[in-house]
Amino acid sequence: MIRRPPRSTLFPYTTLFRSLKSSDELELYEQYHHNSAQLLTQGAGLPIGNAGDSLTVGPRGPMLLQDVIFLDEMSHFNRERIPERVVHAKGAGAFGYFEVTDDITQYTKAIVFNKIGKRTDIAVRFSQVIGELGSADTVRDPRGFAIKFYTEHGNWDLTGNNTPVFFVRDPRLFPKFIHSQKRNPSTHEKDANAFWDFITLEEETVHQVMIVFSDRGIPNGFRRMNGYGSHTFKLVNATENAVYCKFHYKSDQGVEGLPTDVAAQLAGTNPDYSIQDLYRAIESKQYPSWTFYIQVMTFEQAEKFQFNPFDLTKVWPHAEYPLIRVGKIVLNRNPVNYFAQVEQLAFNPAQMIPGIEPSPDKMLHGRLFAYGDTQRYRLGVNHLQIPVNCPYKTRVKNYQRDGLMTVTDNQGGAPNYWPNSFSGPEPNPAFSDPSFKVSGDVARYNSTNEDNFSQPTIMWTKVLKEDERERMVDNIAGHVINAQDFLQERTITMFGKVHRDFGEMLREALNKLKATTR
């Protein structure tokens, strides 16, 4: 279960990091460059002789259009911001490695897992889901946990969260769900009515909602939370035999949540708490790590499974599908520049190396398109040429050319069409997609009522302790009290389907809140 630290230990790095302030980074830079003369230049490298004065007609006169130094600086300043991510806008990033500790080559031929002791460079981005770039780190919200593996077969992006499930199971609902969690289009405020209206009309959300309003809902920093690939994937081995798989990465620091009142205080006093905590831990050589696991399900087991194994609102029971240890994730290097290496760090779950493939998971299929499309909008069609996104362990050879911000040699004079007779790159049948069978009638199938309550009931009765149930109920009541009465009733009814006590406790908590505000 999640660990709630004593209040005296909620800020364990206050003393340790007392000497490492934000301004120390500038002091370190000054010390390193103290004896080096650095010439101020324009963007084109042209030397500048005056840094602070505009070119004017007399000391009080108007500026001249020929002040190209001002124009160069101001026009760049006006374009510093790029579109923020619609979801996962604010986050932190770090670099490190993944090391294989256990052999899983019986399941996959993926080069990242091909031998014990192998290390692969990684980039990791943590984030919150709903908040904008300027939001506080300690809001109640799922957290993103995305990993980019720089392998010899290209970059593999594993885009997960700190929860093993999600709110919806069909990608058609995703943009509508996100709109309900974002700001009201008229008031531009967060809207409890929209939040609980969607949640209670789409009861498949109940499992994830319970996790978000539990002690796990506000992690005590990014280092003290688990990560999950969440989706079901497919692993293929060297003999083309396949199994279904889920990825887990368990925090070696333990899992800790912040109490709601402490989180609220931090949101006002230190809104960048989680970013700061990660950066300072790495800077102080307290490198965070996670143990990497998989769960495996055969195709035969999937056919007989009690529910859809590709349903993102459900987990695979560990008693039936135990965790198999694979390796270790270690983060030991901070970004040198946040914008270049974190804001521009782009993930796309469609980037899967040989040996890892998508399953029939509909939400995964939606993300195979959405993530790449988002980055083409934010960063441009050539965003994979940005150093932090570049697959530098291999050489890119293809027939893609040109486009905005091509910053490589554009593959020189190599043929830009296929087939050709002039030594252009050729496909290798060894990397062909394995065939697989599908059957069924094409239709828009409604999956809204596919057993939304059995696993939430297990969470309530067998996972949560009594005090954890009470805190979860209080957290829900404190939020839904801001919604209209009929939405409060629908919320009570929905959680009553999880367990009768759940609904009754929520009604009691709401009545107490209403009594104190009369």
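Here is our conversation about it.

Modeller: Gladly! This is a predicted model, where local features need pLDDT of at least 70 and side-chain atom pairs count only at pLDDT 80 or more, while totals for chains, interfaces and linings use all residues. Residues are numbered from 1 along each chain as its sequence is written, and side-chain values use heavy atoms, leaving out hydrogens and water.

Biologist: Why is D215 called buried?

Modeller: Buried means under 20% relative accessible area, exposed means over 50%, and partly exposed is in between (1.4 Å probe, protein chains only). D215 has a relative accessible area of 8%, so it is buried.

Biologist: What makes R471 and D215 a salt bridge?

Modeller: The term asks for a side-chain nitrogen of Lys or Arg within 4 Å of a carboxyl oxygen of Asp or Glu. In R471 and D215 the closest N and O atoms are 2.6 Å apart, and the pair counts as a salt bridge. Helices (H or I, at least four residues) and strands (E, at least two) are DSSP runs, numbered from the N terminus. As for R471, its relative accessible area is 22%, so it is partly exposed.

Biologist: How many salt bridges are there by this rule?

Modeller: The count comes to 27. One of them joins the side chains of R183 and E132, at 2.8 Å from N to O. R183 sits in the loop between α3 (174-181) and α4 (192-201), and E132 in the loop between β2 and β3, 51 residues apart. There is also a network of salt bridges that links R169, E204, D311 and K314.

Biologist: How do you know that E508 and K512 meet in a salt bridge?

Modeller: Their side chains come to 3.7 Å, N to O, and the limit is the one I gave for the term. E508 and K512 are four residues apart in helix α14 (residues 500-517), which means that about one helical turn separates them. K512 has 52% relative accessibility, so it counts as exposed, whereas E508, at 45%, is partly exposed.

Biologist: Why are the buried residues of α6 said to line one face of the helix?

Modeller: In helix α6 (residues 260-269), the buried residues are V262, A263 and L266. Seen down the axis of α6, these buried residues fall within an arc of 100°, so they line one face. The arc is taken from the directions from the helix axis to the C-beta atoms. On the other side of α6, A264, Q265 and G268 are exposed.

Biologist: What do the buried residues of α6 pack against?

Modeller: They pack against α7 (273-283), where contact means heavy atoms within 4.5 Å.

Biologist: What makes β1 and β2 a pair of strands?

Modeller: Two strands pair if DSSP finds at least two bridges between them. Strand β1 (residues 91-100) and β2 have nine bridges, in the antiparallel sense. A94 stands opposite V124 in β2. β2 also pairs with strand β3 (residues 143-151), in the antiparallel sense over seven bridges, and there V124 stands opposite I147.

Biologist: How do you know that β2 is mostly covered?

Modeller: Strand β2 (residues 119-128) has ten residues, and eight of them are buried.
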